[in-house]
Structures are given as structure tokens and as C-alpha cells.
Amino acid sequence: MAKEKESGDEHVLNLGIDLGTSRSSVSASNGARHMIDSYVGWPVDMVARKVIKRDVLIGREALDNRLMLDLHRPLERGLIREGSEKAIAAVRELLRHLMALAGVDEALEKGLKVRAVVGVPAEALRVNKQQLRSAMSGLVDSLMIVSEPFAVAYGLDALLHALIVDLGAGTTDFCVMKGRYPREEDQRTLTQAGDFVDQQLMQLFQASNPEANVTGHMVSEWKENYSFVGEARDRVVVEAPVQGKPTQFDITEEMQAACESLLPHVTETMIDLISRVEPEYQARMRGNVILSGGTALIKGLGVSLQDALQEVGGGKVRVVKDPVYVGSDGGLAIAIDAPESDWELLQA
Amino acid sequence: MASVTRVKQRLLREAVEENVFLVQGKRPPRRSGRPRVYRGLRAAFFVVAPLALFSLTYVVGRAAAEKTGAGASGLGRPILLSREPLPSPVVETPQAVVLASAPSFAAPEPIGREVFPLAVRRVVLDPGHGGENRGTASRDGLMEKELTLDIAERLRALLEGAAFEVEMTRTDDATLSLARRGELANRAEGDIFVSIHVNWLEDTDARGVETFYLGPTDDPYLERLAASENGDGSLRLAELREALERVYAGVRREESRALAEAVQRSLLVSLRTLDPGVRNRGVKTAPFGVLIRTQMPAILAEVGALSSEVDSELFRDPSYRQYLAEALFEGIQAYSRNLSDNSA
């Protein structure tokens, strides 16, 4: 849909942005698609500034140089961390960077209008959305904020009898699509998501290997490379220092337990939401469960959730092909489809 | 394809509408999926229940009066009522003088909650102060009005997640009189009303939580506190008199007390897991204006003290504010569960 209308308005650059706790992505109507780690860092002192030769580092670059930086992950559970001006500044840097990657600077030079649709967790409060509006002020001409799973549903045309489960780092967002704009009761947000798995893995690893020295970033990388639920196909072996000496650890059981700790929360919410749908449509809803988001990449997750649906009559769970960009692609589709007259009402 | 396009157009229209409200700083209208008939029944309950209560009291009272031969004078004593004089609200203010000289009236004895099937479905949250009325403030500028709104928003999310309906008296930094707050709560037909405040204590080392429901007090500290919280000057003498009469209408007073106790207990248990030294300042009665004007069980919770440097520091932390919201939520849930169990 986005591509079809791409050339519809040559005077506008449309953007879909998925602002995530761990990763953020942007899809633009000029064809650009980028994903960055949601980290922003400022040099801690003059020495660091001299080494880095930049005022601010963003994304993976910030992570890689974190020892020299005042490092911020400004989005907590998909929202701007509260009470911190630094967090707001960091979000603005993050957005500025994402938009630069998407070609916003060139678009502005050509005199194009820039419009953005940003996805936020399903249960984001109004104050959170207003904070986001403030952070975006001056960066785009017009702005629309929608719930992230709604953006996913819109992008996939899954508008009727579908349950979207958007598994991010900070939150897992659920959205029941009934052919209408989701109401409060159609949406649910859990804080059991990717970061929750990291915490579980860290605890389990430290309990069985107290001598090893690990950081949250290391654990997070292990999860991204080896996460799985169900039966293990290969042993998961990782390396961590013990008193400075690189040592190998088999963490297969810990990885499985940490990833599977997510299952009861997601299953319970999924079944609860489906049970609230009108009875005659429940089977269709069960047969159309869609997983998106980075944490949906845990191997075997879709199959395990589908198995869990057996207890309520069975269903079908599918993981979208491109779970990392599906949110920003959906946002872009909304941005393109929204009529000009509506955008006039939503000036940033 | 045509139908997908139509659905998309409708969805976009609603998404835009919600954003326009956001741009305007207004709360979008609630689009509830609940059938309208439910709301109708609910409204009917609120109309019928007081009428039924009144009729029951009247009929039983007449019967008893006739039995004792007092009915003819019209001064008969309904058996649900007692003639014990009202305890005089000993407040050294002009209001107290008027109250003391007001005609005495019979104070109804509490009516058991089993009379009506009670349940909490709609909660009205009242973030204290706002706009020009900033409330108290810490030495480093943390303002009560901001904290109360933040905690209320968090509490609202928790309550809505647990299927309560929530109405807020304010959702932004608006100046709102006490009268307006009461009016909003009554119009929303809330089942309970929870006003959130942060205290200032003379002893700046003191910390603790206290929860109030409406009633008289002879504690000078509480008089001062009520005077400061009632500080918008919108409370008329007649209203105070009328309200304190209503205080003694059993169900509301008893339910307010039960709600205050549940919330205080929950606040205390939660905060003491963080700091065993947090003081239980108790469940108390005081004539707060905002409680006077509400017609449902109502409480005012002072969830900490900005006079304390320790509390001020804690309040700065969003996770602590979330913790407080969760404690309030637990208290409301406990009260609601208890209510449902007892009326089942």
C-alpha cells in the first residue's frame, strides 16, 4: 500500500517510526528503512570528547563506546523516561538521527513537508504521548501518534478478527482488531518482554555461575543470538571472564528457562483477550494471531503459543516475516493513507 | 478490497480524531464497547436505590411510630433512626457556631451494606490542587500538584487494566475549585472517590501516610490541614452544614471509613517494605471540602510529606510514584473485593 502511493505526493516525505526501548526503526516514503539501537551517549569529559571527536553518539556506536560516554537508553517500556531532561534530549537526538538516516535533511532542503506517524505502547498514557509530541516539536511538520500494535495491524491489513502481539524489549503489546479503531478494552500492555527475559537469564546465569563476570549487555547479546523455547536443537555455549580469564559456559538450560518464563504471561493475556471477543468470532480470532517485534524472533515462540491455544480449542499463530520493521512500515502506511486535510489538523 | 479500504478510512478517521484531542490537550471521549443498556441499568440503580432507601425508612418508620402512638404528632421515631444528638463539631471557627446552633436532627444508624448489592465499578480520581493552586512544595521546588497528577495517572492506568472505569477530576495542570471537583465526581456517578494529596508536616523529619474520610475533628493539626486543603474559599457555610448532616447517613460514612482503612493499610504495608520506619499516621476524620461535596464514599489520602527531605527525594523517582500508585490500587481493590464478597 505504501509503495503504491509512494509517488502520490511529491511534496511530502512520510515517515513511520517505531520508537522502541531497545531498538528504533524508521520507514520512509522515499524507500529508506533503517533500524538503530535506542542508545544515546554524550562524552563524559574533554578527554572522551577528544577521542570520540563528536558531541553525541547514537545507536550501536554509542554502545560500543559506552565506557567514554554518559550513556542513556531514553525509552523505558517504550516511553520517554520521566523526570529527566536528559532523557527528553536523548529522545530528540535519537529521533533526529533516525530522521537524518531517512533523508529528512535532504527533504527539507528541497522544501518538502515531513509528516510522521509514531507508534507507542498500547497503554501509553496521555501524558506520555504529550511528552512525545513535545520531543518531536520542530523536527516534523505534522505528527500522529498511534498504538504500536495498531500500526502493525494496519500495515498488515489485519484489521478484522486478528490478535496482534507485538513483543518488544520493554513491553509486550496486545491489540484485538475488530474492524474498528482499538478501544482501551481491546488493548493490553505487559512489561514482560525482551528485557524481562534478559533479567531472568542474568539471574539464572549468576545463580549457577557466581564466579563469572557478566554485564546486562552481554546477556542481552546472548539472548539475541541464541534464544529459544521448546526443545533445544544445539547446546548454547557462551564466553564470559572468570577472574579475567575467558571461560566457556553451557547456558542451554538457563536460556530455555529464561525464554519460557515469558510464555505464561503472553498465553494468559492472549487467551483472556480472545475470551472477551464475541463468542461467534473467537475461533476466527484464535486462527489469526500475529506476532511482531524483536522478541518475536525467539525461536519456537510461535509454535509454543500455538500449542498453548490447544487448551481453548486450537488456533494459528504466525510470526511476521519482518518483525523488526513491521511497526514502522505500518506507521508509514498510515502516514501515506491519511488525507491531507487530516494532516493539517495535526501540525507538530 | 473495497471493504478493506472503507475499514481503513474509518480507522484513520478515529486515529486522527484521538490525536486532535491530544493536540488540544483534551481527553478523548471514551469509546466503550460496553452495551448502552448496561449504563442505563446503572443509572437506574442510582436513581432507584436512594428512593428505595427513603421509602423503606419512611414506611418502617411510620409503622413503628404508629405502634408507639407517636405518629400523629409527626415526630415519630423511625426504628432505623436514633435520637442521639449529633456530636457537636467542636471547631473554633464561625462555621462551628452555626453548626452548633443549627436545628438538631436524628442521626440515622448505619444501614448494613447487605441491603443493596454494592460493587465498585467506577472510580473517580482527584489529583489534589492544580494550576494556580500548586499545593505544598519541597524545598527544591517539587510541587504537590504535579506529584498528585502523576500518581493519579499511574493509578488510573492500573485501575483501567483491572477493568475499573475511571474518571479524573483533572488530567492536566488545570485550576479546579473544590466545588467543581465534587460536581465532576457526582456527575460521573462514581462509586468511590479518591483524592490524592501530599502533606507538609511541621516536624520536617517526620514521614508517614494518613487517610481521611469526612467527619468532624477537634484536632488542631487536622483543622489547619483541612483549612489549607480547603483553601480555595469556595465552600459556603450552608454547604458545610448540609454536608456534615450527610456525614451521618450510615452507608456512605461506613463505606468511606472502610475504603480509608483499606487504602491506609495498603499504603502502610507497601511503604514499610521499603522503609520499616514509615509512620502510620492513621485513618482520621476531617472536614475536607472536596469530601463534603461528593455523594459517594470518599477519601483523601496524604501519601507522603514534601516537608521531609527523604520523601522529597523518593518522590523524584518515577518508580516510587509508581509504587505509591500500586499501593493505592491494592487498597481500592481490597475494598472492592471485600464489598463484593459481603454483598454476594
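**View 1. Chain A overall.** The secondary structure of chain A comes to 14 helices and 17 strands; helices (H or I, at least four residues) and strands (E, at least two) are DSSP runs, numbered from the N terminus. This is a predicted model, in which local features need pLDDT of at least 70, side-chain atom pairs count only at pLDDT 80 or more, and totals for chains, interfaces and linings use all residues. Residues are numbered from 1 along each chain as its sequence is written, while chains are lettered from A and ligands numbered from 1 in the order in which they are written. Of the 348 residues in chain A, 49% are buried (20 or more other C-beta atoms within 10 Å of the residue's own; exposed if 12 or fewer, partly exposed in between; C-beta atoms are placed from the backbone). Among contacts in chain A with a separation of 6 or more, 70% are between residues 24 or more positions apart (a contact has C-beta atoms, placed from the backbone, within 7 Å).

**View 2. Confidence in chain A.** The mean pLDDT of chain A is 88, and 93% of the residues score at least 70 (pLDDT is the predictor's confidence in each residue, from 0 to 100). Residues 1–8 of chain A have pLDDT below 50, and this stretch has 9 contacts beyond near neighbours in sequence. Among the elements of chain A, α9(A) has the highest mean pLDDT (96) and strand β8 (residues 79–80) the lowest (66).

**View 3. Helix α7 of chain A.** The 15 residues of α7 (residues 194–208) of chain A should span 21 Å at 1.5 Å a residue, and the end C-alpha atoms are 21 Å apart, which agrees (the expected span is 1.5 Å times one less than the number of residues). Buried residues of α7(A) include A:Phe196, A:Val197, A:Leu201, A:Met202 and A:Phe205. The buried residues of this helix pack against α8 (216–226) and α9 (252–260) of chain A.

**View 4. An open sheet in chain B.** Six strands, with mixed pairing, follow the order β4-β3-β5-β8-β6-β7 (chain B); strands pair if DSSP finds at least two bridges between them. Strands β4 (165–168) and β7 (280–286) of chain B stand at the edges with a single partner strand each, so one side of each is left without a neighbour in the sheet. Strands β5 (residues 192–199) and β8 (residues 298–305) of chain B run parallel and are joined by 6 bridges. B:Asn199 stands opposite B:Ala305 in β8(B).

**View 5. Confidence in chain B.** Chain B has a mean pLDDT of 70, with 60% of its residues at 70 or more. Over residues 32–118 of chain B the pLDDT is below 50, and this stretch has 86 contacts in the model beyond near neighbours in sequence.

Notes:
Contact = placed C-beta atoms within 7 Å.
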